[in-house]
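Please look through the structure below with the sequence at hand.

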There are 2 protein chains.
Amino acid sequence: MSTEEVAKKVVELCRKQAWKEAINTLYADDIVSVEAFNPHGGPTEMRGIDAVRGKTDWWINSMEVHSQKVGDPFVAHDRFVVQFDIDVTEKESKKRFQMSEVGVYTVRNGKIVREEFLPKAGSMS
Amino acid sequence: MSTEEVAKKVVELCRKQAWKEAINTLYADDIVSVEAFNPHGGPTEMRGIDAVRGKTDWWINSMEVHSQKVGDPFVAHDRFVVQFDIDVTEKESKKRFQMSEVGVYTVRNGKIVREEFLPKAGSMS
């Protein structure tokens, strides 16, 4: 698949909250996933598809999603960018928050090999 | 300056269309600038601050800007992303077009060392 085809498929699956299908079909085994922060402290970079699956399981189990908006992708060469706007409650703390972030994805041989998540400046206050 | 400080300054200067001030104050001498397409054909990647100045001069001289919207920056680690929505007429062809793109910027030692521009998929049709 081309970068644009991968980008459109990611957006389609994220809009359905089909996170696991996205990982299983579009992610390389040696994916590198970088968050802005680590809510548990420690490293912000994860390596390998199993680590990403673990992070996704944590997200699905921890958050009640009230709404989410997934933007149309921006694409050039081996890179694409998608904006996510979410409104969630963390189940344990019952804290509700809204977050706007972009994912910057890098594609090689039709698979996502790197993803970086960047929150809107000031939106994590 | 931190990545967030550089990001906010770029946004502030782009909103004023102060492109040259942005380059002079925030860009590294060995900046790498990557476009999705080259309107003249040829390479999409430019190296060096003088090449970027040349591209900026071409843009300023070629385009009549009807409106532009510069979004708030998304920031993490050494990277930030800004969305640009523009409505311009190319003076020579008198062709008016609207374009939505993001810039993905990489910062090192308080200067922008790489910028990549990604148009919204399908928006260049």
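This is a predicted model: local features need pLDDT of at least 70, side-chain atom pairs count only at pLDDT 80 or more; totals for chains, interfaces and linings use all residues.

E101(B) is found in strand β6 of chain B, which covers residues 95–108. Is E101(B) buried or exposed? Around E101(B) there are 20 other C-beta atoms within 10 Å. A residue counts as buried if 20 or more other C-beta atoms lie within 10 Å of its own, so E101(B) is buried.

Which residues does E101(B) touch, leaving out those up to four places away in sequence? In chain B they are F84(B), F117(B), L118(B), P119(B) and K120(B), and from chain A there is F74(A). F80(B) lies 21 residues from E101(B) in sequence, and the C-alpha atoms of the two are 14 Å apart in space.

F80(B) has contacts of its own. With residues up to four places away in sequence not counted, F80(B) touches T3(B), A7(B), P73(B), F74(B), V75(B) and Y105(B), together with L118(A) from chain A. F80(B) also belongs to the largest nonpolar core, which has 41 residues. The residues with the most contacts inside this core are F80, V81 and L118 of chain A and F80, V81 and L118 of chain B.

Now turn to chain A as a whole. Chain A has three helices and seven strands. Read from the N terminus, the order of its elements is α-α-β-β-α-β-β-β-β-β. The radius of gyration of chain A is 14 Å, close to the 14 Å that the globule rule gives for 125 residues, so chain A is as compact as a globular protein of that length. Along its principal axes, the C-alpha trace of chain A spans about 40 × 25 × 25 Å. Buried residues make up 22% of the 125 residues of chain A. Taking the contacts in chain A between residues at least 6 apart in sequence, 45% join residues at least 24 apart.

Several strands of chain A can be followed through β5(A), which covers residues 79–90. Strand β3(A), residues 63–70, pairs with β5(A) in the antiparallel sense over seven bridges. How many of the eight residues of β3(A) are buried? The count is zero, and β3(A) is hardly covered.

Strand β4(A), residues 74–76, is also antiparallel to β5(A), and three bridges join them. One of the bridged pairs is A76(A) with R79(A). The hairpin of β4(A) and β5(A) has two residues between the strands, and in this hairpin H77(A) takes a positive phi near 55°.

Next comes β6(A), residues 95–108, which runs antiparallel to β5(A) and is joined to it by twelve bridges. V82(A) has G103(A) in β6(A) as its bridge partner. In this hairpin four residues lie between the strands, and K94(A) has a positive phi near 60°. Most residues other than glycine have a negative phi. K94(A) is a residue other than glycine with a positive value. K94(A) is exposed, with 8 other C-beta atoms within 10 Å.

N109(B) lies in the loop between β6 and β7 of chain B. Phi of N109(B) is near 50°, again a positive value in a residue other than glycine. N109(B) is exposed, with 8 other C-beta atoms within 10 Å.

The last topic is how the two chains meet. In this interface, 21 residues of chain A are in contact with 21 residues of chain B. On the side of chain A that touches chain B, the elements that give two or more residues are α1, β4, β5, β6 and β7. The largest share, four residues, comes from β7(A). By type, the residues of this side are 14 nonpolar, no polar and seven charged.

Notes:
Residues are numbered from 1 along each chain as its sequence is written. Chains are lettered from A and ligands numbered from 1 in the order in which they are written. Two strands pair if DSSP finds at least two bridges between them. Two residues are in contact if their C-beta atoms, placed from the backbone, lie within 7 Å. Ala, Val, Leu, Ile, Met, Phe, Trp, Tyr, Cys and Pro count as nonpolar, Asp, Glu, Lys and Arg as charged, and the others, Gly among them, as polar. A nonpolar core is a set of buried Ala, Val, Leu, Ile, Met, Phe, Trp, Tyr and Cys residues joined through C-beta atoms within 7 Å. A residue is buried if 20 or more other C-beta atoms lie within 10 Å of its own, exposed if 12 or fewer, and partly exposed in between; C-beta atoms are placed from the backbone. The radius of gyration is taken over C-alpha atoms; the globule rule is 2.2 Å times the number of residues to the power 0.38.
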